Every structure is written in structure tokens, then in C-alpha cells.
Amino acid sequence: MTDAHDTIVAIATAPGAGGVGIVRLSGPRSRDIAREVCGDKALKPRLARHVRFVDADGATIDDGIALYFRAPASYTGEDVVELQAHGSRAVLQQLVERCQALGARGARPGEFSERAFLNGKLDLAQAEAVADLIAAGDQRAARAARRALDGEFSRRIDAIAAELLALRVHVEAAIDFADEPLDTLGGGPLRRRLDDAIALLDALLADAERGRKLRDGLHAVIVGPPNAGKSSLLNALAGSDRAIVTDIAGTTRDLLHETVRIDGVELTLVDTAGLRESGDVIEREGMRRARDELGRADIALVVLDARTPEAGRAELVAAVAGVPTRLWLLNKSDLPGTAAPPAGMDDALQVSARTGAGLEQLHERLRALWQGRTADATEGAFTARARHVDALRRAAAELAAARQALAAESLDLAAEALRAGHEALGEITGRVAPDALLGHIFSSFCIGK
């Protein structure tokens, strides 16, 4: 966790050369350190000052702008100074080293945003939205991340959490009057308020699912029988040899994840072990993982050998039944002996991972799916992460349990379910946030943010 007594420093601009580069300081000694770096020039809050940045001997490192933000009116809630120099990596590194020599510590990834969270400038969902905004790949994702950073997601979470807290107070007070029927203690209005909270949570969960897809793209799992060309298809879509390809059945035994962007569509592709009944212990474990991955998929790319399309098809139909979208691909269509598509598979695509035939049509299908999935994720949308969706699902399950408990007038069980649901929501904004969770989240940020 952050030591609030440290002053931290890092380059805040992206690697590479540029017209301007920024070194950021945050902490109690930021102003004093910056004054030394700026040749003993005094810095006034929120007033840009042109200065010469100097080393320990007084020699000029560069000239630029120094900006001082006094606590708590800063990004981190601490004293913050930004040193804006020319965007040479060598110059910026000199400034960092000069600050470190004067007592600053190099910042960890995400430590500036972590301090903003710990000092109450951002909640956890907003802090994550900072990273999402930086990583946004298109305008829709950027706008959605901006809404999350502005607190759209957090406000809806807080509204439901406040209602759950009120319900908890009501239920726990009623426990003291266990001999009385619940209806005489306001049971009817209590159940209606819980129903309203459940409806709000269901709507928020649906919006968060859309926001997660907007942020992460589509989760596509490639499945099929052994030797159908699944790994070759992944390599063709990724544009590189990411997966090992051989003629030996069962070559792929574990999951291989690859994130690719196709015509503006971001896809997380997952290559899986071929589904079949036989195989050794390791291969069977790979098949088990493949089935588990299908449970999280947005799309199943079901690959069959175009020469023997019926091989393994029945098992695959059952395996992908729960996936929202299935695209059937008849691979190796460039080889002799290609059979006609089986009955019921008129919309299957004839493709060849080896020659690239049919891949443009596959791109078009994926693009259409993406546009259909994100068409409503524009106005009012906000980004969300998988952990947010998981927490919302757990909260929804707890509220459903609380509704059943109230119907049975089991107040103790209802109170416990409401508490668990309330805490699940608190995980999203950081109201309930163990140190391990914070460390995991902020370690994924870039240094300087």
C-alpha cells in the first residue's frame, strides 16, 4: 500500500519522442523538490511559470513550464507539481533522477491514481475508468470511459447501495420484534422496496454487461474437433504464428488467448483443445477448460473440416448451445473432397485458414455482430470491467435470496443476504476493498498515472 509520507515522481507522458513531456511529483515535498529543480524559483498554486530546470551543479537540463497544485485541490489530493519539458526521453529521465536525488521515490504503476482513490478524489470504479480512458481504442469507448470517470456508474451503484442499507436497517430492526408478523412491521412496503431495488440492479447489470463488451471487445472461443484447423484459424486472424500447428490430433492442450483488432472490432480469441471423447489425461483437462471457456463466451467460432463436416458436429451442437452467438466455419475448403454443408448449416462459411479464402466474409460477420452488440452502448453508456459484472451478479443473487427469505418471513436470512449484496456493491466503488484487490487493480496501470 501507499506510504502517504513519501513524495513520488514519474514520467507522465507516453514513451517516445514528442514536443512536450511531463514529469509529475506528488506528496508533501513536491513543492520543495520542484523549487530546487527549477533553480530556486518560487511556485504559486495554479500559476504556470516558465523556468530553467537545473541539475545539482546548476547546469541547465532544459527549460519549460512548472505547474504547482496545492493539496487538496489536485488530482491525487496531495501537493502535486508537473514539470513540462521538451519530450526527449533522455531529458525527462534526467528530471526524474534529479527529483529522486532530492528525496522523491519512483512511483509504482498506478500509484498516482491509487493516492487519488485513498484520498477520496476518486472512487475505485472512477480510478479504473482513468485507465480505460487511456486505453480506449475508439470514440465510443472513450466517451463511455469518460462517463464512468464522471461518476455515472458510481452514482447508480451508490443509489442502489443506499436503498439496500435502508432495507437492512428495516429488517434488522424487525428482528427485535420476531414475535410479530412481518406484515404488521411494514412487510408489504419492505417487499415492494426490495423489488424496486432488484429492478434497478437488473437494469444496471444489463448496462454494465454492454459496457464490459464496449471496453473488452467480444470474447470469441474457437472450438471444434481435433485437426479441424482451429489453431490455423487463430493464426490467420491474428496475422502471426501464435499457435503451434501440426497434423497430430490433440496438439493444442491448453487455452491460448490472443487479443486482435479486425476492422476496428476488438476480439479476444481463445484457441481450445479439440473436443472428442478420447485423449490422454492432459488432453481431457484441456477439453474441460475449453467447455468452461465456452460458458464465458460471447461468440463460438465452431470450426469443422469442410471435407468431413459431420465429424464431431453433434457433440459441438450440445457444447455451444449456451453461447449467445455461434458462427459455423467449414475450414480447409481449399482442399479436394470438400463436402456440401450439412442440412441446417446453410449459413456456414466456407473458409481456408491456409489461403485466406472466406476470411473477409468472416470479418464482415464479426463486424456486424460487434455493431449489433454495441449499437445501444452509445448515449449514456459507461465502461465496466469483468469484476464489476461479477460483483453485480453476486449482488443480484443475494437480493433474490433476500426476497425468498422475506417471503418465508425468515428475517435473519434476509438480513444476511442484504448485507452480502450491499458488500458486493461496495467492492465496485471501493467502499469494501481489501488491500489485495487494490494492489491487483492499480498494478495494471501505467507508471505516471
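This is a predicted model: local features need pLDDT of at least 70, side-chain atom pairs count only at pLDDT 80 or more; totals for chains, interfaces and linings use all residues.

Visitor: In what order do the six strands of the open sheet lie?

Guide: Helices (H or I, at least four residues) and strands (E, at least two) are DSSP runs numbered from the N terminus, and two strands pair if DSSP finds at least two bridges between them. The edge strands, each pairing on one side only, are β3 and β6 (105-106). With mixed pairing, the six strands of this open sheet have the order β3-β4-β5-β2-β1-β6.

Visitor: Which residue of β4 is the bridge partner of Val-54?

Guide: Strand β3 (residues 49-54) and strand β4 (residues 60-69) run antiparallel and are joined by six bridges. The two strands form a hairpin with five residues between them, and Gly-58 in the turn has a positive phi of about 85°. Val-54 has as its bridge partner in β4 Thr-60.

Visitor: What angle does the direction of helix α2 make with that of β1?

Guide: Axes are lines fitted to C-alpha atoms, for helices over the stretch in contact (heavy atoms within 4.5 Å), and angles run from 0 to 180 degrees between N-to-C directions. Helix α2 (residues 89-101) packs on the sheet, touching β1, β2 (18-26), β3, β4, β5 (80-87) and β6, and its direction makes with that of β1 an angle of about 175°.

Visitor: How far apart are the end C-alpha atoms of helix α6?

Guide: The expected span of a helix is 1.5 Å times one less than its number of residues. Helix α6 (residues 152-175) has 24 residues and should therefore span 34 Å, which agrees with the distance between its end C-alpha atoms, 35 Å.

Visitor: Which helices do the buried residues of α6 pack against?

Guide: Buried means under 20% relative accessible area, exposed over 50%, and partly exposed in between, with a 1.4 Å probe and protein chains only. The buried residues of α6 include Phe-153, Ile-157, Leu-164 and Val-171. They pack against α4 (124-135), α7 (187-216), α12 (386-407) and α13 (411-429).

Visitor: How many residues are in the largest nonpolar core?

Guide: A nonpolar core is a set of buried Ala, Val, Leu, Ile, Met, Phe, Trp, Tyr and Cys residues joined through side-chain atoms within 4.5 Å. Among the members that touch the most others are Phe-153, Leu-392 and Leu-425; leaving aside neighbours within four places in sequence, Leu-392 is in contact with residues including Phe-153, Ile-157 and Leu-425. The number of residues in this largest core is 47.

Visitor: How many disulfides does the count come to?

Guide: A disulfide is here a pair of cysteine sulfur atoms within 2.5 Å. Cys-38 counts as buried because its relative accessibility is 1%, and Cys-99 likewise counts as buried, at 0%. The sulfur of Cys-38 has its closest cysteine sulfur in Cys-99, 8.5 Å away, which is too far for a bond. By this rule the count of disulfides comes to zero.

Technical notes. Residues are numbered from 1 along each chain as its sequence is written. Side-chain values use heavy atoms; hydrogens and water are left out.
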